Amino acid sequence: MDMQLNPNDGGAPVKPKIAVVIGSGGIKPACAIPLFEFLETSGINIDLLIGCSGGAIVAAMHGFGYDSSDMAGLFSNYLTKSLFSHIDYRTLLGIAKMPMGRFDKTRGILKPQRLIDVLKIIFKNSSFESIKIPTLVQVTDVDTGEGALINSGDIASAVYASAAQFPFFPPIKIGNKWFVDGAYSSPLPVLEAVNRNYDVIIAVAIEQQLKTESKSFIEYLHHFISRSYTSTQKKQMALAIDMHHHEIVVINMHFDELINMWDVDKMPVIIETGRRIIEKKKAEITAAIENFKNKKR
Amino acid sequence: MKYELKVYKIENFTVINISGKIDSSNSEEAEAELNLMLENNDRYYILDLCGLEYISSAGLRVFLSASKKIKNNKGNFVFCSVSEEIKEVFDITGLLHVFTLCETLDGAVEKIKSMAL
């Protein structure tokens with residue numbers, strides 16, 4: 001399933017091999033759109049995209065060939081609140097062990113079909129084989145808790161799996177395994193780029209702005225899950241930095257307000273936040289690339 | 001990019017003052033220079049970052065390398081006078097809870113004394 005992409009085949013390159021990694025964070029990873037604009041206008045080619053959860057949607061969109069204006073429009077037009085309001089009452093009854101209820105590992109609190117259908121429209125029922133920039137999608141095996149990367153088969157299924165925050169959304173079967181949200185195993189899969197020997201790794205980390213006080217079971221669960229993602233992300237980032245050979249440019253996207261998965265009306269705020277933060281990081285990205293070239297001279 | 005390392009003693013503890021900017025353009029040089037400063041009989045160090053303006057991931061590896069060297073010698077170290085910007089870099093890279101940070105040089109001296117007991 002996970003094809004090894006070795007960027008250094010055929011001798012030492014002068015140009016660095018560049019990976020862009022986009023972390024989880026609902027619709028907020030759309031803040032990476034200005035990064036793509038900057039790289040494109042600067043003539044910097046991306047050799048590998050890796051995405052997790054909401055970041056997988058953005059990474060796959062860019063890998064698929066959508067340009068920046070397309071991507072913002074797709075988020076606003078398709079990823080609407082209605083995708084998150086189709087409750088599976090049998091699952092809820094099953095969780096409460098009530099009559100007529102049913103719960104097993106294939107079910108979630110929300111019915112997934114609308115989201116899967118939207119992803120199939122966005123990715124035009126295509127497979128990874130038709131993608132323009134090599135793209136890896138981080139998922140988690142629901143049975144083992146182990147992380148996995150998908151870069152073959154149906155894009156929509158892989159992206160759904162990566163974003164399916166269990167138990168809200170049910171897992172999806174790909175091959176002979178059931179997969180859920182990649183953030184459970186690697187919210188910002190930088191280590192995957194390190195393991196593949198990419199020279200300059202641009203990592204877009206989404207800082208989760210949360211309500212200060214949880215007022216319901218769902219809010220508390222979401223709060224706990226988000227905090228544990230952050231903790232996992234930081235531990236993996238420290239290891240990635242220790243293992244890497246050149247530069248990992250971490251772009252920490254901080255949002256001043258709470259933005260839920262369905263707050264597509266806040267897309268302008270998301271893009272503008274990304275643009276403001278990317279502006280400050282341009283010199284760092286350019287320096288990482290230039291320093292690599294200078295070392296190879 | 002330019003950086004500068006200065007070494008001196010406070011109460012028998014080695015203080016290394018690190019200033020300037022460290023990234024992949026100078027990290028190998030900085031690592032070699034810092035490692036040289038750690039090759040003495042001392043086990044406890046204070047890394048004073050009051051003049052450190054910028055550090056990239058390559059620069060952070062210089063600190064990780066120094067950490068391994070010091071710990072391998074059964075020693076320990078603390079950072080002090082870390083700016084908010086550098087602290088944020090430590091935080092987002094997961095190193096804030098790996099390293100020990102003290103607000104001031106005086107505080108670092110007290111902390112390292114307690115570690116050396």
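Author: Let us start with a single residue, keeping in mind that this is a predicted model. D117(A) belongs to helix α5 of chain A, which spans residues 113–122.

Reader: Is D117(A) buried, exposed or partly exposed?

Author: The general idea is to count neighbouring C-beta atoms within 10 Å, where 20 or more make a residue buried and 12 or fewer make it exposed. D117(A) has 14 other C-beta atoms within 10 Å, so it is partly exposed.

Reader: How do I read a strand, and which way do the residues of β2(A) point?

Author: One looks at the direction of each residue and then at its burial. In β2(A), L48(A), I50(A) and C52(A) point one way, while L49(A) and G51(A) point the other way, and all of them are buried. Because five of the five residues of this strand (residues 48–52) are buried, it is largely enclosed by the rest of the structure.

Reader: Which strands pair with β2(A), and in which sense?

Author: Strand β1 of chain A (residues 18–22) pairs with β2(A) in the parallel sense over four bridges, and V20(A) stands opposite L49(A) there. Strand β3 of chain A (residues 135–141) also runs parallel to β2(A), to which four bridges join it, with C52(A) standing opposite Q138(A). Together with helix α1 of chain A (residues 33–41), β1(A) and β2(A) make a β-α-β unit that is right-handed.

Reader: What should I look for in a nonpolar core?

Author: In soluble globular proteins, nonpolar side chains tend to be buried together. Here the largest nonpolar core has 120 residues, and V21(A), A30(A), V159(A), I201(A) and A203(A) are those with the most contacts inside it. Helix α9 of chain A (residues 267–296) gives the most to this core, contributing nine residues. Leaving aside residues up to four places away in sequence, A203(A) touches several others, including V21(A), L188(A), V190(A) and I248(A).

Reader: Finally, which residues of helix α1 of chain B are buried?

Author: In this helix (residues 27–37), the buried residues are S27(B), A30(B), E31(B) and L34(B). Viewed down the axis of α1(B), they fall within an arc of 100°, so they line one face of the helix. The exposed residues E29(B), A32(B) and L36(B) are carried on the face turned away from that buried side. Among the elements covering the buried residues are β1 (3–10), β2 (13–22) and α2 (57–72) of chain B.

Terms used
Residues are numbered from 1 along each chain as its sequence is written. Chains are lettered from A and ligands numbered from 1 in the order in which they are written. This is a predicted model: local features need pLDDT of at least 70, side-chain atom pairs count only at pLDDT 80 or more; totals for chains, interfaces and linings use all residues. A nonpolar core is a set of buried Ala, Val, Leu, Ile, Met, Phe, Trp, Tyr and Cys residues joined through C-beta atoms within 7 Å. Helices (H or I, at least four residues) and strands (E, at least two) are DSSP runs, numbered from the N terminus. Two residues are in contact if their C-beta atoms, placed from the backbone, lie within 7 Å. Two strands pair if DSSP finds at least two bridges between them. A crossover is right-handed if, with the strands pointing away from the viewer, the path from the first strand over the helix to the second runs clockwise. The arc is that of the directions from the helix axis to the C-beta atoms.
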